[in-house]
Amino acid sequence: MNNTAAEIKEALDFIPSDIARDDWVKVLTAIKSCLGEGGFLIADSWSRSTPDRYKASDVKHTWKSLRLGAVSAGTIFHLARKNGFKFKPMSRAERAEFNAQLREAKRKGEEIARYEEQKRQKIHQQVAIKAQHIWECAGAVDNDADYLKRKHIGQYIGANECIKQQGTQIIIPLFEADGSLKNIQTINQNGGKRFLSGGKVKGCFCPIGEVENIIYICEGYATGRTLHQLTSEAVFCAMFAGNLKAVALATRQEYQDKKIIIAADNDRYTKGNPGLTKAQEAALAVDGEYIYPKFKDGQSGTDFNDLAILEGDI
């Protein structure tokens with residue numbers, strides 16, 4: 001590991017950081033795969049060598065998204081060799097100095113990670129307080145609100161339903177599995193949806209109905225309301241496909257003996273069908289099942305609410 005780390009640092013001097021973005025990402029991935037979080041300062045320093053192109057936020061966000069092991073150090077050496085790099089042994093003193101630098105970089109990387117996590121938690125807490133205030137100030141939902149009527153679900157929402165309204169906006173609460181309110185989603189008359197910026201969303205959901213034997217987990221509220229109406233079972237609305245797995249894991253931890261069914265959106269018009277793919281991943285993670293809406297030829301739509309409207313079920 002130490003030998004590879006020393007050679008990486010030397011090889012990077014031969015690679016211009018304004019290379020094609022795909023290659024730049026590969027280099028960062030190789031650094032992270034070999035050096036872990038401690039390699040961030042090395043990757044950032046190398047990226048800074050092209051000031052006109054360097055963006056601190058881009059390096060930071062790209063680094064966080066990298067998948068370890070996807071690229072090896074061989075990519076770095078291959079690119080470096082094209083520009084004249086040749087391996088040369090380091091002296092004992094040089095190696096000791098580099099190892100000390102690497103330990104310091106790792107320490108700083110861990111320090112930065114802790115600071116960012118503390119900052120993120122603080123923002124989450126502040127947004128949760130704001131969400132609670134909005135929730136308490138909001139009034140009862142209007143069953144004839146444009147969005148609810150368009151989704152054919154207004155007539156099913158009772159006085160104790162877990163949504164409210166503020167002006168023309170529908171207020172959807174997002175809770176953690178322990179019941180604490182963390183964020184809200186607002187839905188305007190045209191169906192535009194927004195979370196409170198900076199608030200926690202991952203693993204949070206809007207619950208519909210009482211938990212008995214089965215828990216359905218879906219994306220949007222209208223889909224969840226439709227599933228509850230058709231099945232009478234509890235539904236947890238994760239709000240978007242990328243949150244299905246996190247909500248499923250939190251649900252499984254809280255309800256270990258319940259059957260979990262992931263009700264996917266059928267994103268058949270989107271490359272890769274992320275709604276279905278993410279639902280499959282979520283179901284696999286909690287030993288659950290998944291279902292998805294199947295449309296007839298000529299029918300449009302992507303979710304169970306769309307299908308229920310088309311079929312006249314709601």
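**View 1. Helix H9 and its surroundings in the predicted model.** The buried residues of helix H9 pack against strand E6 (214–218), strand E7, strand E8 and helix H10 (274–285). Contact here means heavy atoms within 4.5 Å. The buried positions of H9 are Leu 244, Ala 246, Val 247, Ala 248, Ala 250, Thr 251 and Arg 252. A residue is called buried under 20% relative accessible area, exposed over 50%, and partly exposed in between (1.4 Å probe, protein chains only). Helices (H or I, at least four residues) and strands (E, at least two) are DSSP runs, numbered from the N terminus. Residues are numbered from 1 along each chain as its sequence is written, and side-chain values use heavy atoms, with hydrogens and water left out. Because this is a predicted model, local features need pLDDT of at least 70 and side-chain atom pairs count only at pLDDT 80 or more, whereas totals for chains, interfaces and linings use all residues.

**View 2. The aromatic pair of Phe 236 and Tyr 255.** Phe 236 and Tyr 255 form a tilted aromatic pair, 6.2 Å centre to centre and with 50° between the planes. Phe 236 belongs to strand E7 (residues 234–237), and Tyr 255 to the loop between helix H9 (244–254) and strand E8 (259–263), so the pair ties together parts that are 19 residues apart in sequence. Phe 236 counts as buried at 3% relative accessibility, while Tyr 255 is partly exposed, with a relative accessible area of 26%. Rings of Phe, Tyr and Trp (its six-membered ring) pair if their centres lie within 6.5 Å; planes under 30 degrees apart count as stacked, over 60 as edge-to-face and the rest as tilted.

**View 3. The cluster of Phe 14, Phe 77 and Phe 85.** Ring pairs link Phe 14, Phe 77 and Phe 85 into a cluster. The structure holds 6 aromatic pairs. In the pair of Phe 77 and Phe 85, the ring centres are 6.3 Å apart and the planes stand at 10°, so the pair is stacked. Phe 77 counts as buried at 9% relative accessibility, and Phe 85 counts as buried at 4%.

**View 4. Helix H2 against helix H4.** Helix H2 (residues 21–35) and helix H4 (residues 56–65) pack at an angle of about 60°, and their axes are 10 Å apart. Axes are lines fitted to C-alpha atoms, for helices over the stretch in contact, and angles run from 0 to 180 degrees between N-to-C directions. H2 and H4 are therefore oblique to each other. Angles under 35 degrees count as roughly parallel, over 145 as roughly antiparallel, 65 to 115 as roughly perpendicular and the rest as oblique. On the H2 side, the contact is made by Arg 21, Trp 24, Val 25, Leu 28, Ile 31 and Lys 32; on the H4 side, by Asp 58, Val 59, Thr 62, Trp 63 and Lys 64. By class, this contact of H2 with H4 has 6 nonpolar, 1 polar and 4 charged residues. Ala, Val, Leu, Ile, Met, Phe, Trp, Tyr, Cys and Pro count as nonpolar, Asp, Glu, Lys and Arg as charged, and the others, Gly among them, as polar.

View 5. Ala 43 lies in helix H3 (residues 40–47) and is buried, with a relative accessible area of 0%. Leaving aside neighbours within four places in sequence, Ala 43 is in contact with Leu 28, Ile 31 and Trp 63. The axes of H3 and H4 come within 11 Å and cross at roughly 140°, which makes H3 oblique to H4. Phe 40, Ala 43, Asp 44 and Ser 47 of H3 make the contact with Val 59, Lys 60 and Trp 63 of H4. By class, the contact of H3 with H4 has 4 nonpolar, 1 polar and 2 charged residues.

View 6. H8 and helix H11 (residues 304–311) pack at an angle of about 55°, with their axes 8 Å apart. Ala 222, Thr 223, Thr 226, Leu 227 and Leu 230 in H8 meet Phe 304, Asn 305 and Ala 308 in H11. This contact of H8 with H11 has 5 nonpolar, 3 polar and no charged residues. Ser 232 is placed in the loop between helix H8 (221–231) and E7. The phi of Ser 232 is near 65°, a positive value in a residue other than glycine. Ser 232 counts as exposed at 52% relative accessibility.
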